[in-house]
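User: I'm new to this one and would like to learn how to read it. Could you take me through it a feature at a time?

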Amino acid sequence: MATHLAAPPGKAAPEESGRGAAKVPLRTAVGRYRWLYLMLVPGVAYFVIFKYLPMYGLTIAFQDFLPFLGYSGSPWVGLKHFEELFAGPDFGRLMFNTLLLALLHIVFVFPAPIVVALLLNEVRVSFLKRSVQSLIYIPHFLSWTIVASLTYVLFAADFGVLAGWMRDLLGDTSKIDYMAQEEWFRPLIILQQLWKQTGWGTIIYLAALAGVDPNLYEAARMDGAGRFRQLWHVTLPAIRPTVVVMAILASGNLLDSGFEQIWLMTTSLNRSVADVFDTYVYYAGITQGAISYSTAVGLFKGVAGVILIFGSNWLAKRLGQRGLF
Amino acid sequence: MSKLFGTAPDPKGELQQAVEKFLGKKLQITWVPNAEYTDKLNVTLASDNLPQVMVVDPHLPAFVKSAQAGAFWDLTDKLDKYPNLKPSDERSALNSSINGRIFGLYRMRPLLRSAIVIRKDWLDKLGLKLPESVDDLYDVAKAFTEKDPDGNGKNDTYGLIIPKWPGNYASASPYDVIETWFGAPNGWGERDGKIVPGFDTPEFLEANRWLKKMVDGGMINPDFATLDTAKWNEPFHQGKGGMIIDVNIRSRQVLDLFYEDDKENYGDKVAMVGNLKRSDGQKFSYPFTGYADVLAISKQSVRTEQDLDNVLKTLDKLATKEGQNLVTNGIEGRNYKVENGDTAALINEDDPAVKVIQDNADDAFIQLSTKGTVDIGGIAYQRVPSGKPYQDMLTLQKRLMEEDLKTAVHNAALPVVSDTAVARGPQIDTIIPDARIKFLSGAITEDQLKGEIKRWYDSGGTQVTTEINDLVKKLGQ
């Protein structure tokens with residue numbers, strides 16, 4: 001989808017001009033498309049200044065960095081921090097927690113907007129459709145802090161609404177502190193994500209669905225396809241490219257568990273299942289002051305993310321889909 | 001850079017003007033709310049823009065590393081030149097040092113501050129006495145839970161209120177205090193000639209078994225693992241829980257809450273006792289460190305010996321009786337007057353302008369004082385609150401402090417910093433406090449708790465223990 005939008009009507013798509021550059025001398029190419037290149041400048045400058053230059057700071061992952069001594073004065077320690085991370089007692093747990101949360105995310109959270117979009121697409125009353133859509137994307141605008149507080153109010157052992165119901169309806173006075181139970185941590189995280197993100201995610205899919213040619217449905221109906229058949233043979237293939245692009249983009253964030261949400265939900269009792277790379281980097285770097293070590297952790301996470309994005313893009317192409325790049 | 005417990009003072013405010021006039025210098029102070037202070041401190045230490053003087057915990061790993069790399073002035077041999085900067089208490093000075101080297105002026109605090117704050121009206125209603133031993137505490141907690149102390153006919157109260165503790169092991173949490181009552185070392189202590197961590201002792205386990213019995217019996221708030229420390233007083237004030245184990249000044253905070261409700265009878269709601277005896281009658285009291293953070297001077301912004309001399313001269317002036325009174329109590333004649341030659345009595349409490357001075361002193365400027373505190377005064381005038389319950393509480397506080405000091409159990413490893421502990425902090429610091437809470441909540445068994453202690457040793461704790469032993473020996477204690 002993104003590549004379609006990037007190509008202005010009547011002009012060559014960027015990837016084609018890239019290929020053409022082999023034949024046309026670069027100067028001519030630049031001259032011909034100078035306004036397009038000019039428009040590129042702010043974007044490139046942004047990435048160079050704010051994304052690439054700061055990467056210089058990654059060198060501290062290979063040092064025992066002390067700000068007082070600076071980049072040049074701090075001792076180089078090679079891969080010490082990486083060894084400490086990989087050999088340390090936390091790595092397995094961090095990896096497991098991060099990957100499991102990512103897996104749960106893929107299984108439950110990623111398809112949710114697709115399902116909801118398909119369901120909404122079948123709603124024929126446009127007023128109903130639009131109001132439902134607006135209602136379910138509102139949670140997207142609430143901060144994680146508010147979501148966590150809401151969860152606390154609902155689930156807290158002492159005064160939680162849910163605990164109250166359990167008491168009143170079931171006579172259950174066990175006062176389970178859901179916020180503090182290890183086994184409740186992941187369900188709560190996934191529920192929060194579903195609640196907060198599903199509605200927002202449907203927007204893109206609904207847009208893709210709106211672009212499906214109505215003639216296709218008509219043709220399918222002529223061939224005797226029912227509602228479900230239409231969904232299977234027309235709607236799903238039509239939004240497949242969008243799903244693939246969204247999936248590739250999501251794969252790069254696979255190790256991003258979402259710092260804020262998890263940090264807010266972490267307690268002493270659930271830390272062993274809650275610790276993920278994101279929160280660990282903050283804990284080690286900001287609250288414990290182990291800057292170099294936490295940079296090494298963050299760098300590892302970043303590299304793994306890049307590998308995942310390239311890998312899934314390659315996989316998408318291998319499966320005959322149009323990849324991201 | 002300093003801590004803040006309220007709204008930041010206006011730099012043009014009356015009190016800051018007064019301090020600046022007294023010092024003959026303009027002050028530029030970065031006030032950082034207490035709750036985010038450690039984070040901000042770590043970030044600041046990682047930046048290249050350090051303030052000249054900063055309030056800092058001298059054993060914070062990032063500070064230890066910076067100080068040992070030479071980012072802060074080593075003041076050990078420099079303080080003698082300044083008449084008011086010499087440590088007034090050697091033990092506290094040593095406690096606040098890094099392996100015997102002083103990198104900052106410690107901010108004096110009373111050594112013994114642990115106490116139990118109790119709902120007095122509940123005790124009276126149930127006809128109970130103040131607890132003296134851990135067994136008494138258990139009985140009171142049980143009665144508070146089961147005998148309907150608030151008389152509303154519902155089973156909706158519990159004995160002891162414990163919050164989600166932000167610090168690690170041996171950071172003066174209610175757990176740490178109780179373990180010490182049972183005879184466990186406070187942090188680190190000697191066993192058979194070797195210094196061992198307190199959690200590796202039978203007393204530690206016994207104390208936690210006892211606590212677990214209270215948790216299982218519903219005598220502790222069920223959300224003890226998640227209750228925010230900022231909301232600690234609420235259940236006490238709202239009549240849900242009856243006891244708080246914390247610093248003795250908390251009695252003042254809860255008195256404030258009850259005072260707002262009922263300006264006549266607020267004194268009937270709050271009682272306080274000090275440290276408790278063990279079942280066999282032996283008493284071990286939990287002392288604090290004798291200091292709370294130090295004022296450290298950055299080499300990056302105070303470059304030469306000459307500059308350092310200037311800063312120290314300023315701090316020396318601030319450490320005079322007059323200076324300490326200014327930051328601790330405020331402006332004499334405006335918000336307080338001197339009574340009996342040595343106490344500060346608040347005046348003009350209803351005047352909004354005076355209230356600003358008072359708040360600025362209490363919430364902010366008192367953080368700059370190294371030799372004065374509100375409750376015992378130090379070299380500053382001791383504050384005398386106006387209400388009689390407040391005065392009684394303060395008297396009690398002083399008496400308990402003196403009494404408990406005799407049985408104080410000191411942390412043998414306080415002045416030393418193990419390199420491994422600093423380097424491995426992220427990996428091992430949460431093991432013990434997490435395991436302790438899991439054990440108390442029933443998530444793990446006692447054997448698993450012991451397994452976690454072993455995991456601590458395996459993850460670097462063995463090395464930490466060896467280093468601590470060496471360092472303490474070297475320090476010659």
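**Loops, sheets and chains**

Analyst: Let's start in a loop: B:Asn348 sits between S13 and helix H13 (352–364) of chain B. Helices (H or I, at least four residues) and strands (E, at least two) are DSSP runs, numbered from the N terminus. Before going on, note that this is a predicted model, where local features need pLDDT of at least 70 and side-chain atom pairs count only at pLDDT 80 or more, while totals for chains, interfaces and linings use all residues. Residues are numbered from 1 along each chain as its sequence is written, chains are lettered from A and ligands numbered from 1 in the order in which they are written, and side-chain values use heavy atoms, with hydrogens and water left out.

User: What is the phi of B:Asn348?

Analyst: The general idea first: most residues other than glycine have a negative phi. B:Asn348 has a positive one, near 50°. B:Asp293 also has a positive phi, near 65°, and that residue belongs to strand S11 (residues 291–297) of chain B.

User: How do I read a sheet? Which strands make up the one with S13 of chain B?

Analyst: Look for pairs: two strands pair if DSSP finds at least two bridges between them. Here S12-S13-S14 of chain B is the order of an open sheet of 3 strands with mixed pairing. Strand S12 (336–339) and strand S14 (382–384) of chain B each have a single partner strand, so one side of each is left without a neighbour in the sheet. On average, neighbouring strands in this sheet are turned by 40° against each other, direction ignored.

User: Where does the mixed pairing show up?

Analyst: Take the two pairs in turn. S12(B) and S13(B) run antiparallel, joined by 4 bridges, with B:Lys337 partnered by B:Ala345 in S13(B). Strand S13 (residues 343–346) of chain B runs parallel to S14(B), with 3 bridges between them; there B:Thr343 has B:Gln382 as its bridge partner. The hairpin of S12(B) and S13(B) has 3 residues between the strands, and B:Asn340 in this hairpin takes a positive phi near 50°.

User: How many strands are in the sheet with the order S6-S9-S5-S10 of chain B?

Analyst: That open sheet has 4 strands, again with mixed pairing. Its edge strands are strand S6 (158–161) and strand S10 (270–273) of chain B, each pairing on one side only. From one strand to the next the twist averages 25°. S6(B) and strand S9 (residues 241–247) of chain B run parallel and share 3 bridges, and B:Ile161 stands opposite B:Ile244 in S9(B).

User: Which helices go with that sheet?

Analyst: Contact means heavy atoms within 4.5 Å. Angles run from 0 to 180 degrees between N-to-C directions, using lines fitted to C-alpha atoms, for helices over the stretch in contact. Helix H6 (residues 134–146) of chain B packs on the sheet and touches strand S5 (114–119), S6 and S9 of chain B, with its direction at about 140° to that of S9(B). Helix H10 (residues 250–261) of chain B lies across S5, S9 and S10 of chain B, at about 175° to S10(B).

User: What surrounds B:Asn411?

Analyst: Beyond its neighbours within four places in sequence, B:Asn411 contacts B:Arg91, B:Asn186, B:Gly187 and B:Trp188. The residue is in the loop between helix H14 (388–405) and helix H15 (419–428) of chain B, and its 11% relative accessibility makes it buried. A polar atom of its side chain lies 3.2 Å from the backbone nitrogen of B:Trp188.

Conventions:
Buried < 20%, exposed > 50% of the residue type's maximum accessible area, 1.4 Å probe, protein only. Polar contact = N/O pair within 3.5 Å; in protein donor to acceptor, adjacent residues only side chain to side chain.
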